[in-house]
Structure formats: C-alpha cells, structure tokens
Amino acid sequence: MDHKHTEFSSRFAIDPIAAAAMGTDELRHNFHIEGLFQPGLVSLTYTHYDRMIVGGAMPADKVLPLEAIKPTGTQAFLDRRELIAVNIAGAGTVTADGLPYEMAARDMVYLGMGTEQVSFASADTEKPAKFYLLSAPAHQVYPSQLIRIGDARRFDLGSQATSNERSIFQFIHADGVKTCQLVVGMTQLAPGSVWNTMPCHVHDRRMEAYLYFDLDEGARVFHFMGEPDETRHIVMRNEEAVLSPGWSIHSGAGTSNYAFIWAMAGDNVDYTDVDPVALDQLR
C-alpha cells in the first residue's frame, strides 16, 4: 500500500553469529532506526522480532491518519494488533474511533485490538507533538486507556557514585493497564548520570526496543548490544531508536544525561524474567 502520509520499511531477524561478524554499517542497517519524526509523516519499521512495529508520527498543520501497511496484511492497522503511543514533545491528541486522548509530553495511550480509525494531531504547529509508536500482534481486546506520566509507577534507583541515578516509570504493569504482550516504560537519568541497564541482562523470551531522547544536538549515547561475550556498540543521536533481539544485551552510556523509552514484546510481560549478566562475563 502506498500512502502519502506513511512510509515503512522492514527488518529481518538477525542471529547472534551473523551479528558478531558485522561491521559498523551493517550493524546500523539492521538494528538502528533513524528518521522517526518527520513533519507530516508517519514513519514505521516492521521488525521480525516478535513482529513488533516501531514508529513515529509528527503531525504538523494537518491531522495524520494511522494507515495499514502491507506487512500487517489487514485492512485496518489494528485489526489484529495493539498499539502504544508515547508523546515526547509538544501537546497533541490521539483520536481513536472518534474518542480524543489529549496528551502532554511523556503521556502515553494504549489502543486495543480492533480500533478502526486512529489519527494524530498537534495542539500547536509551532511546537508539534511527536508520538513514538509501538505495536505488536494481539490475541484479545483490552480496553484503550490514557496513562499520564504522573500516573505511571515510579521507582528511583542508582546513585551518582555509580553514574546511574535514575527514575524508572512503568506505564504497563500487572496492577495497571492490561495488554496482550506490549510492555512499555521510560527511564530518566539524573544530571551527572550516564549509564543505563548496567549491570546488564538478556531475556530470550522478549525482544526490546529503545528510543533515546532529551539529548542535546551535540550529545550522543553509546548503545551496547550483542551476546555478553561478544559485545558491539551503536552510536545514537537524539530521538533515534535501536532494536534488541532476545539474545542481546541492551545497555548504554551517554555523553550527558538523557531519557529513553523501552518497549518489549514476546512470551510474557514479567519484568523480573531476566537472565542477569555479571560484569566479569562481558567482553
């Protein structure tokens, strides 16, 4: 399908042996996602990691529709899928089957399977909204719901001594909004802290995607991936995403503090189902 408001690409799944032999360009081509937020466009990446779709919508002076794409094989985008949209910029509205969800920065909305018409709008074209989109196949209908950042479950962890003082915001958890398989949250690092998810872990039951944001133009995050004994890195700019297969670590360190949205899909939604990796296992 060819729509003037939508662009999409596909990413095939990469095994750890193939990834270990890749150079910088190949790693970026297979795991790095850029250009998520372009005025007047919905940009989608269909991945073969649990068929997660990672995307961005940046409405400018017009309302942007969420249109079905060929890889979903359905008439409407959410016929057999669920969706989470997180706003990371100016105020905006996600409208689902005529019901508007007004969202400030860092608010999130969950839309259940079967939602027929979805659109995105900015409250102020001078300060447009940027909606980070995450979608995975669904097997039953759960109610759509808005989750404001103030309603997320918050944990304050780490310390300045270990350069990882941070706040974790769980949007989706067992006592909150129900989903089929999407799990999404956000981590905000405090000034002076740069490390995320270290010591690291893997979880072969779930893939993961990171969106790094709130970075200055000249700042970078060095995202670490790969099997624990065969690590690689990808240099990330502001508002770029990276895919993490189930076999890979997902960790990073920035040239300054930043925020990132983490999202998972797979066999379960259990936060604690991880396989820890000790520092002396990393190579």
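I began with exposure: a residue is called buried under 20% relative accessible area, exposed over 50% and partly exposed in between, with a 1.4 Å probe and protein chains only. By this rule I recorded Asp-97 as partly exposed, because its relative accessible area is 43%.

**Entry 1. Ground rules.** I noted that this is a predicted model, in which local features need pLDDT of at least 70, side-chain atom pairs count only at pLDDT 80 or more, and totals for chains, interfaces and linings use all residues. Residues are numbered from 1 along each chain as its sequence is written, and side-chain values use heavy atoms, with hydrogens and water left out.

**Entry 2. Backbone angles.** I first noted a rule: most residues other than glycine have a negative phi, and most peptide bonds are trans. I then looked up Asp-97, whose phi is positive, near 50 degrees. Asp-97 sits in the loop between β7 (92-96) and β8 (99-103). Strands here are DSSP runs of E with at least two residues, and helices are runs of H or I with at least four, numbered from the N terminus.

Asp-50 belongs to the loop between β3 (41-47) and β4 (53-58). It counts as partly exposed because its relative accessible area is 36%.

Which peptide bond is cis, with omega near 5 degrees? I found that it is the bond from Met-198 to Pro-199. Pro-199 is placed in the loop between β16 (195-196) and β17 (201-202).

**Entry 3. His-32.** I located His-32 in strand β2, which covers residues 32-33. Is His-32 buried or exposed? I recorded it as buried, since its relative accessible area is 4%. For its surroundings I used contacts, meaning heavy atoms within 4.5 Å. Setting aside residues up to four places away in sequence, His-32 touches Arg-11, Leu-27, Ile-234, Val-235, Met-236, Glu-240 and Ala-241.

**Entry 4. Nonpolar cores.** I took a nonpolar core to be a set of buried Ala, Val, Leu, Ile, Met, Phe, Trp, Tyr and Cys residues joined through side-chain atoms within 4.5 Å. The largest one has 60 residues, and those touching the most other members are Phe-31, Val-54, Tyr-132, Leu-211, Tyr-212 and Ile-261. Strand β23 (residues 259-266) gives the largest share of this core, seven residues. I also noted another core, apart from this one, with 23 residues, including Val-42, Val-94, Met-103 and Leu-133.

I then looked up Ile-261. Beyond residues up to four places away in sequence, its contacts include Val-86, Ile-88, Tyr-132, Val-184 and Leu-211.

**Entry 5. Pockets.** I wrote down the method: on a 1 Å grid over the protein atoms alone, a pocket is an open set of points where a 1.4 Å probe fits, with protein on both sides within 12 Å along at least five of seven lines, and lining residues have an atom within 4 Å of a point. Grid points are joined across faces, edges and corners, and a volume is the space filled by probe spheres set on the points.

The largest pocket holds about 540 Å³ of space. It is lined by 23 residues, of which Ile-168, Thr-197, His-201, Trp-262 and Tyr-271 are closest to its centre. At least two lining residues come from each of β13 (153-157), β14 (166-170), β18 (206-213) and β23. I sorted residues by class: Ala, Val, Leu, Ile, Met, Phe, Trp, Tyr, Cys and Pro are nonpolar, Asp, Glu, Lys and Arg are charged, and the others, Gly among them, are polar. This lining then has eleven nonpolar, nine polar and three charged residues.

The second largest pocket has a volume of about 180 Å³. Among its 13 lining residues, Ile-172, His-173, Ala-174, Val-269 and Tyr-271 are closest to the centre. By class, its lining has six nonpolar, four polar and three charged residues.

**Entry 6. Phe-155.** I found Phe-155 in strand β13. Phe-155 is partly exposed because its relative accessible area is 36%. Neighbours within four places in sequence aside, Phe-155 is in contact with Arg-166, Ser-167, Ile-168 and Gln-170.

**Entry 7. Cysteines.** How many disulfides does a search of the whole structure find? I recorded zero, a disulfide being a pair of cysteine sulfur atoms within 2.5 Å. Cys-180 counts as buried because its relative accessibility is 12%, and Cys-200 counts as buried because its relative accessibility is 2%.
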